[in-house]
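Hi,

Here is the model I promised to pass on. Have a look at it first, and then read my notes below.

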Amino acid sequence: MKVVLHDLEPSRFESLYPKLARDSFIVGEEGPVRNCVGCFGCWCKTPGKCVIPDGYGDFGKRLGACGEYLILSRVVYGGFSPFVKNVLDRNIGYILPFFELRKGEMHHKPRYPDRFRLRVFGYGEEVSPEEQAVFRRLAEANGLNLNAQSVTVRLGRSPEELAFEREGEL
Amino acid sequence: MTALIHGSPKAAGGNSEKILQLLEKRLTGPCVRVDTVRTGPETWEALADCEAAVVIFPLYVDSLPSHLLRFFMEWEMDRREQQRRALSLYAVAQCGFYEGEQNRIALEQVSCFCRKAGISWQGGVGLGGAGGFAEMPEALLKPLTGVISSLAEAVNRKEELPSLQFASVGLPRWLYLAAGNQSWIRGAKRFGLKKRELYQKP
(Lines give C-alpha, C1' and ligand atoms only; values in the text may rest on other atoms or scores of the structure.)
Protein backbone atom coordinates (compact mmCIF):
# COMPACT_ATOMS: atom_id res chain seq x y z
CA MET A 1 0.00 0.00 0.00
CA LYS A 2 1.23 3.46 -0.91
CA VAL A 3 0.09 6.84 0.33
CA VAL A 4 0.36 9.70 -2.16
CA LEU A 5 0.07 13.36 -1.23
CA HIS A 6 -0.04 15.68 -4.23
CA ASP A 7 -1.08 19.17 -5.29
CA LEU A 8 -2.28 18.51 -8.87
CA GLU A 9 -5.82 18.87 -10.15
CA PRO A 10 -7.35 15.45 -9.33
CA SER A 11 -8.12 14.72 -13.01
CA ARG A 12 -4.57 15.64 -14.09
CA PHE A 13 -3.15 13.38 -11.40
CA GLU A 14 -5.34 10.47 -12.54
CA SER A 15 -4.31 10.84 -16.16
CA LEU A 16 -0.61 11.13 -15.31
CA TYR A 17 -0.53 8.41 -12.70
CA PRO A 18 -3.42 6.00 -13.43
CA LYS A 19 -1.88 3.02 -11.64
CA LEU A 20 -1.17 5.01 -8.49
CA ALA A 21 -4.62 6.59 -8.57
CA ARG A 22 -6.13 3.09 -8.69
CA ASP A 23 -4.00 1.27 -6.14
CA SER A 24 -3.00 3.86 -3.55
CA PHE A 25 -4.48 6.04 -0.85
CA ILE A 26 -4.48 9.46 -2.49
CA VAL A 27 -4.58 12.79 -0.71
CA GLY A 28 -5.30 15.62 -3.14
CA GLU A 29 -7.07 18.94 -2.89
CA GLU A 30 -10.72 17.89 -3.11
CA GLY A 31 -12.04 20.71 -0.95
CA PRO A 32 -10.92 23.49 1.36
CA VAL A 33 -8.22 22.62 3.86
CA ARG A 34 -7.91 24.42 7.17
CA ASN A 35 -4.66 25.62 8.71
CA CYS A 36 -2.97 23.89 11.59
CA VAL A 37 -3.42 26.22 14.54
CA GLY A 38 -0.67 24.75 16.69
CA CYS A 39 -3.08 23.55 19.40
CA PHE A 40 -1.33 20.14 19.84
CA GLY A 41 -4.79 18.54 20.10
CA CYS A 42 -3.50 15.76 17.80
CA TRP A 43 -1.06 14.83 20.56
CA CYS A 44 -2.92 15.61 23.80
CA LYS A 45 -6.68 15.61 23.09
CA THR A 46 -7.39 13.13 20.26
CA PRO A 47 -4.01 11.33 20.06
CA GLY A 48 -3.00 10.54 16.49
CA LYS A 49 -5.67 12.64 14.78
CA CYS A 50 -6.12 16.35 14.16
CA VAL A 51 -9.08 17.87 16.02
CA ILE A 52 -10.27 19.77 12.89
CA PRO A 53 -12.84 17.56 11.13
CA ASP A 54 -12.24 18.46 7.47
CA GLY A 55 -10.82 15.09 6.40
CA TYR A 56 -7.23 16.30 5.96
CA GLY A 57 -5.82 15.56 9.39
CA ASP A 58 -6.48 11.90 10.02
CA PHE A 59 -4.34 9.76 7.77
CA GLY A 60 -1.65 8.86 10.30
CA LYS A 61 -2.99 5.30 10.42
CA ARG A 62 -2.57 5.00 6.64
CA LEU A 63 1.01 6.22 6.95
CA GLY A 64 1.57 3.73 9.74
CA ALA A 65 0.58 0.89 7.43
CA CYS A 66 2.09 1.99 4.12
CA GLY A 67 5.35 0.83 2.63
CA GLU A 68 5.89 4.00 0.65
CA TYR A 69 4.87 7.59 1.17
CA LEU A 70 5.07 9.65 -2.02
CA ILE A 71 4.86 13.42 -2.01
CA LEU A 72 4.46 15.28 -5.28
CA SER A 73 4.63 19.03 -4.89
CA ARG A 74 5.38 22.23 -6.69
CA VAL A 75 8.55 23.74 -5.20
CA VAL A 76 7.74 27.00 -3.41
CA TYR A 77 10.62 28.93 -1.80
CA GLY A 78 12.63 25.72 -1.60
CA GLY A 79 9.82 23.88 0.17
CA PHE A 80 6.43 22.37 -0.53
CA SER A 81 3.41 24.13 -1.99
CA PRO A 82 0.87 25.51 0.52
CA PHE A 83 -1.63 22.65 0.08
CA VAL A 84 0.96 19.89 0.53
CA LYS A 85 2.54 21.73 3.46
CA ASN A 86 -0.88 22.29 5.00
CA VAL A 87 -1.61 18.56 4.97
CA LEU A 88 1.84 17.78 6.39
CA ASP A 89 1.27 20.31 9.19
CA ARG A 90 -2.10 18.74 9.98
CA ASN A 91 -0.73 15.19 10.26
CA ILE A 92 1.99 15.43 12.89
CA GLY A 93 -0.23 13.10 14.93
CA TYR A 94 1.50 10.37 12.90
CA ILE A 95 4.37 10.73 15.37
CA LEU A 96 4.21 10.94 19.16
CA PRO A 97 4.69 14.15 21.13
CA PHE A 98 7.45 12.54 23.19
CA PHE A 99 11.05 13.31 22.35
CA GLU A 100 14.09 11.15 21.81
CA LEU A 101 17.56 11.69 20.39
CA ARG A 102 18.21 10.52 16.83
CA LYS A 103 21.39 11.26 14.89
CA GLY A 104 22.47 13.59 17.67
CA GLU A 105 19.32 15.73 17.56
CA MET A 106 16.03 15.89 19.35
CA HIS A 107 13.11 14.38 17.40
CA HIS A 108 9.70 12.92 18.11
CA LYS A 109 9.27 9.25 18.91
CA PRO A 110 7.37 7.15 16.36
CA ARG A 111 3.75 6.20 17.08
CA TYR A 112 3.63 3.25 14.66
CA PRO A 113 6.19 0.43 14.58
CA ASP A 114 6.57 0.17 10.78
CA ARG A 115 8.59 2.69 8.80
CA PHE A 116 7.76 3.86 5.28
CA ARG A 117 10.14 4.79 2.49
CA LEU A 118 9.72 8.49 1.76
CA ARG A 119 9.89 9.50 -1.91
CA VAL A 120 9.66 13.19 -2.64
CA PHE A 121 9.05 14.65 -6.10
CA GLY A 122 9.36 18.40 -6.61
CA TYR A 123 8.48 20.28 -9.77
CA GLY A 124 8.57 23.83 -11.05
CA GLU A 125 9.67 25.91 -14.04
CA GLU A 126 11.60 28.53 -12.14
CA VAL A 127 13.26 26.65 -9.33
CA SER A 128 16.69 28.11 -8.63
CA PRO A 129 19.69 25.95 -7.68
CA GLU A 130 19.42 27.46 -4.17
CA GLU A 131 15.79 26.33 -3.92
CA GLN A 132 16.66 22.87 -5.22
CA ALA A 133 19.32 22.49 -2.53
CA VAL A 134 16.95 23.67 0.22
CA PHE A 135 14.22 21.32 -1.07
CA ARG A 136 16.57 18.34 -0.91
CA ARG A 137 17.63 19.21 2.61
CA LEU A 138 14.01 19.64 3.65
CA ALA A 139 13.05 16.19 2.33
CA GLU A 140 15.97 14.67 4.26
CA ALA A 141 14.95 16.52 7.43
CA ASN A 142 11.33 15.36 7.04
CA GLY A 143 12.56 11.80 6.57
CA LEU A 144 14.52 12.00 9.81
CA ASN A 145 11.68 13.62 11.74
CA LEU A 146 9.05 11.18 10.45
CA ASN A 147 11.47 8.32 11.09
CA ALA A 148 11.35 7.15 7.46
CA GLN A 149 13.28 4.05 6.46
CA SER A 150 14.85 5.90 3.50
CA VAL A 151 14.44 9.15 1.57
CA THR A 152 14.75 9.79 -2.15
CA VAL A 153 14.23 13.12 -3.90
CA ARG A 154 13.69 13.90 -7.57
CA LEU A 155 13.22 17.29 -9.15
CA GLY A 156 11.85 18.17 -12.57
CA ARG A 157 10.40 21.09 -14.48
CA SER A 158 6.88 19.62 -14.52
CA PRO A 159 4.89 16.64 -13.20
CA GLU A 160 4.94 15.34 -16.80
CA GLU A 161 8.73 15.45 -16.84
CA LEU A 162 8.87 13.55 -13.55
CA ALA A 163 6.45 10.91 -14.90
CA PHE A 164 7.81 8.43 -12.41
CA GLU A 165 5.07 5.93 -13.07
CA ARG A 166 5.77 5.56 -16.78
CA GLU A 167 9.44 4.94 -16.05
CA GLY A 168 8.50 1.83 -14.16
CA GLU A 169 9.77 3.15 -10.87
CA LEU A 170 6.73 1.93 -8.99
CA MET B 1 8.93 52.17 10.12
CA THR B 2 9.66 48.53 10.93
CA ALA B 3 7.00 45.85 10.48
CA LEU B 4 6.86 43.10 13.08
CA ILE B 5 5.22 40.22 11.28
CA HIS B 6 3.54 37.72 13.60
CA GLY B 7 4.05 34.49 11.67
CA SER B 8 2.22 32.12 13.99
CA PRO B 9 -1.33 30.90 13.35
CA LYS B 10 -2.03 31.13 17.10
CA ALA B 11 -4.21 34.11 17.92
CA ALA B 12 -2.36 35.11 21.08
CA GLY B 13 -0.09 33.91 23.83
CA GLY B 14 2.21 31.71 21.75
CA ASN B 15 6.00 31.68 21.79
CA SER B 16 6.25 33.71 18.58
CA GLU B 17 4.23 36.48 20.18
CA LYS B 18 6.43 36.44 23.29
CA ILE B 19 9.51 36.73 21.10
CA LEU B 20 7.86 39.53 19.13
CA GLN B 21 7.28 41.44 22.38
CA LEU B 22 10.88 40.93 23.52
CA LEU B 23 12.11 42.23 20.19
CA GLU B 24 9.70 45.17 20.14
CA LYS B 25 11.06 46.36 23.52
CA ARG B 26 14.58 46.41 22.08
CA LEU B 27 13.80 48.34 18.91
CA THR B 28 14.34 52.09 18.98
CA GLY B 29 12.30 53.16 15.95
CA PRO B 30 8.54 53.06 15.31
CA CYS B 31 7.01 49.65 14.65
CA VAL B 32 3.78 48.32 13.20
CA ARG B 33 2.44 44.82 13.82
CA VAL B 34 1.32 42.72 10.88
CA ASP B 35 -0.86 39.61 11.15
CA THR B 36 -0.36 36.68 8.76
CA VAL B 37 -3.67 34.86 9.27
CA ARG B 38 -6.17 37.63 8.57
CA THR B 39 -4.85 39.65 5.65
CA GLY B 40 -6.31 42.23 3.32
CA PRO B 41 -5.28 45.22 1.21
CA GLU B 42 -4.36 47.07 4.43
CA THR B 43 -1.75 44.37 5.15
CA TRP B 44 0.14 45.06 1.93
CA GLU B 45 -0.23 48.84 2.30
CA ALA B 46 1.20 48.66 5.83
CA LEU B 47 4.16 46.65 4.60
CA ALA B 48 4.69 49.02 1.69
CA ASP B 49 5.20 51.87 4.19
CA CYS B 50 8.07 50.06 5.92
CA GLU B 51 11.75 50.07 5.08
CA ALA B 52 12.43 47.02 7.26
CA ALA B 53 10.49 44.03 8.58
CA VAL B 54 11.08 41.12 10.93
CA VAL B 55 9.04 37.95 10.57
CA ILE B 56 8.76 35.78 13.69
CA PHE B 57 7.38 32.29 13.21
CA PRO B 58 7.23 28.74 14.61
CA LEU B 59 8.87 25.82 12.83
CA TYR B 60 6.26 23.44 11.42
CA VAL B 61 7.51 20.08 10.09
CA ASP B 62 11.05 21.40 9.52
CA SER B 63 9.91 24.41 7.51
CA LEU B 64 7.55 27.39 7.17
CA PRO B 65 3.94 26.93 8.41
CA SER B 66 1.56 26.62 5.44
CA HIS B 67 -0.37 29.81 6.21
CA LEU B 68 2.93 31.74 6.17
CA LEU B 69 3.77 30.27 2.75
CA ARG B 70 0.43 31.62 1.47
CA PHE B 71 1.16 34.97 3.09
CA PHE B 72 4.59 35.16 1.41
CA MET B 73 3.08 34.24 -1.99
CA GLU B 74 0.47 37.00 -1.71
CA TRP B 75 3.09 39.46 -0.51
CA GLU B 76 5.37 38.55 -3.44
CA MET B 77 2.50 39.12 -5.87
CA ASP B 78 1.65 42.48 -4.31
CA ARG B 79 5.28 43.61 -4.53
CA ARG B 80 5.49 42.62 -8.20
CA GLU B 81 2.16 44.16 -9.20
CA GLN B 82 2.54 47.40 -7.24
CA GLN B 83 6.31 47.73 -7.75
CA ARG B 84 6.83 48.41 -4.07
CA ARG B 85 9.94 50.13 -2.76
CA ALA B 86 13.07 48.50 -1.34
CA LEU B 87 12.63 46.56 1.87
CA SER B 88 14.96 44.71 4.25
CA LEU B 89 13.74 41.52 5.90
CA TYR B 90 15.03 39.71 8.99
CA ALA B 91 13.58 36.50 10.42
CA VAL B 92 13.25 34.68 13.73
CA ALA B 93 12.38 30.99 13.56
CA GLN B 94 11.63 29.17 16.79
CA CYS B 95 11.06 25.53 17.61
CA GLY B 96 10.40 23.21 20.53
CA PHE B 97 13.39 21.04 19.68
CA TYR B 98 16.48 21.81 21.72
CA GLU B 99 18.70 22.63 18.76
CA GLY B 100 18.28 26.09 17.27
CA GLU B 101 20.02 24.70 14.18
CA GLN B 102 16.85 22.77 13.32
CA ASN B 103 15.43 26.11 12.11
CA ARG B 104 18.09 26.50 9.42
CA ILE B 105 16.01 25.18 6.51
CA ALA B 106 13.06 27.45 7.37
CA LEU B 107 15.39 30.47 7.46
CA GLU B 108 16.83 29.43 4.10
CA GLN B 109 13.26 29.35 2.77
CA VAL B 110 12.81 32.95 3.87
CA SER B 111 15.99 33.77 1.94
CA CYS B 112 14.50 32.05 -1.17
CA PHE B 113 11.31 34.08 -0.73
CA CYS B 114 13.29 37.34 -0.51
CA ARG B 115 15.06 36.61 -3.78
CA LYS B 116 11.74 36.02 -5.57
CA ALA B 117 10.02 39.05 -4.04
CA GLY B 118 12.88 41.51 -4.62
CA ILE B 119 13.44 41.95 -0.88
CA SER B 120 16.86 42.39 0.68
CA TRP B 121 17.53 39.41 2.98
CA GLN B 122 19.27 40.56 6.13
CA GLY B 123 19.64 37.20 7.87
CA GLY B 124 17.91 35.50 10.74
CA VAL B 125 18.13 33.71 14.03
CA GLY B 126 16.97 30.22 14.93
CA LEU B 127 15.85 29.64 18.50
CA GLY B 128 15.75 26.13 19.95
CA GLY B 129 14.11 25.12 23.21
CA ALA B 130 11.45 27.75 22.64
CA GLY B 131 9.04 25.72 24.76
CA GLY B 132 10.98 27.39 27.58
CA PHE B 133 9.33 30.75 26.93
CA ALA B 134 6.14 29.35 28.48
CA GLU B 135 7.61 28.01 31.71
CA MET B 136 11.27 28.78 32.34
CA PRO B 137 12.75 31.50 34.54
CA GLU B 138 14.38 34.40 32.75
CA ALA B 139 17.91 33.29 33.65
CA LEU B 140 17.55 30.10 31.60
CA LEU B 141 16.25 32.05 28.62
CA LYS B 142 19.31 34.33 28.53
CA PRO B 143 21.01 32.63 25.55
CA LEU B 144 17.78 33.18 23.57
CA THR B 145 17.20 36.77 24.68
CA GLY B 146 20.89 37.42 23.87
CA VAL B 147 20.45 36.62 20.17
CA ILE B 148 17.15 38.54 20.14
CA SER B 149 19.15 41.55 21.40
CA SER B 150 21.79 41.03 18.68
CA LEU B 151 19.03 40.96 16.09
CA ALA B 152 17.45 44.14 17.52
CA GLU B 153 20.84 45.91 17.34
CA ALA B 154 21.21 44.92 13.68
CA VAL B 155 17.70 46.23 12.92
CA ASN B 156 18.36 49.46 14.84
CA ARG B 157 21.62 50.04 12.92
CA LYS B 158 20.01 48.97 9.62
CA GLU B 159 22.72 46.34 9.26
CA GLU B 160 22.75 42.83 7.91
CA LEU B 161 23.33 40.01 10.40
CA PRO B 162 26.82 38.63 9.72
CA SER B 163 25.42 35.07 9.43
CA LEU B 164 22.51 32.95 10.58
CA GLN B 165 22.63 32.72 14.36
CA PHE B 166 21.35 29.88 16.51
CA ALA B 167 20.76 29.54 20.22
CA SER B 168 19.04 27.37 22.77
CA VAL B 169 17.94 27.55 26.40
CA GLY B 170 20.47 27.48 29.22
CA LEU B 171 19.77 23.88 30.22
CA PRO B 172 21.52 20.64 29.30
CA ARG B 173 19.73 18.86 26.49
CA TRP B 174 18.87 15.74 28.52
CA LEU B 175 17.11 17.86 31.11
CA TYR B 176 15.19 19.91 28.53
CA LEU B 177 14.14 16.67 26.82
CA ALA B 178 12.90 15.14 30.08
CA ALA B 179 11.02 18.33 31.00
CA GLY B 180 9.48 18.44 27.52
CA ASN B 181 8.24 14.86 27.85
CA GLN B 182 6.67 15.67 31.22
CA SER B 183 4.90 18.68 29.71
CA TRP B 184 3.03 16.42 27.25
CA ILE B 185 1.73 14.30 30.12
CA ARG B 186 0.49 17.46 31.87
CA GLY B 187 -1.05 18.59 28.57
CA ALA B 188 -2.95 15.31 28.26
CA LYS B 189 -4.27 15.60 31.82
CA ARG B 190 -6.00 18.83 30.86
CA PHE B 191 -8.10 16.76 28.45
CA GLY B 192 -8.65 13.95 30.95
CA LEU B 193 -6.17 11.58 29.26
CA LYS B 194 -3.53 9.41 30.90
CA LYS B 195 0.02 9.04 29.61
CA ARG B 196 -0.63 5.59 28.07
CA GLU B 197 -3.58 7.00 26.11
CA LEU B 198 -1.24 9.34 24.23
CA TYR B 199 0.19 6.23 22.52
CA GLN B 200 -3.14 5.33 20.85
CA LYS B 201 -2.95 4.24 17.21
CA PRO B 202 -6.29 5.43 15.77
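Starting with burial: 56% of the 202 residues in chain B count as buried. Keep in mind that this is a predicted model.

Staying with chain B, there are seven helices and six strands, and along the sequence they run β-α-β-α-β-α-β-α-β-α-α-β-α. The C-alpha trace spans about 55 × 40 × 25 Å along its principal axes. A compact globule of 202 residues would have a radius of gyration near 17 Å, so the 18 Å of chain B agrees with that. Of the contacts between residues at least 6 apart in sequence, 80% join residues at least 24 apart. Chain B exposes about 8900 Å², with 51% supplied by carbon and sulfur atoms. On charge, chain B carries 25 positive and 21 negative side chains, and the centres of these two sets lie 9 Å apart.

Now chain A. Here you get seven helices and seven strands, in the order β-α-α-β-α-α-β-α-β-β-β-α-β-α. The C-alpha atoms fill a box of roughly 40 × 35 × 30 Å along the principal axes. With 170 residues, a compact globule would come out near 15 Å in radius of gyration; chain A has 16 Å, which agrees. Buried residues make up 57% of chain A. For contacts with a separation of 6 or more, residues 24 or more positions apart account for 65%. The accessible surface of chain A is about 7000 Å², 50% of it from carbon and sulfur atoms. There are 24 positive and 23 negative side chains in chain A, with the centres of the two sets 7 Å apart.

Cheers

Definitions and conventions
Residues numbered from 1 in each chain as written. Chains lettered and ligands numbered in written order. Predicted model: local features only at pLDDT ≥ 70, side-chain atom pairs only at ≥ 80, totals over all residues. Heavy atoms only, no water. Helix = DSSP H or I, 4+ residues; strand = E, 2+ residues; numbered from the N terminus. Rg over C-alpha atoms; globule rule 2.2 N^0.38 Å. Buried < 20%, exposed > 50% of the residue type's maximum accessible area, 1.4 Å probe, protein only. Contact = heavy atoms within 4.5 Å. Areas by Shrake-Rupley, 256 points an atom, 1.4 Å probe, with all protein chains shown as cover. Lys, Arg positive; Asp, Glu negative; His and termini not counted. Charge placed at Lys NZ, Arg CZ, Asp CG, Glu CD.
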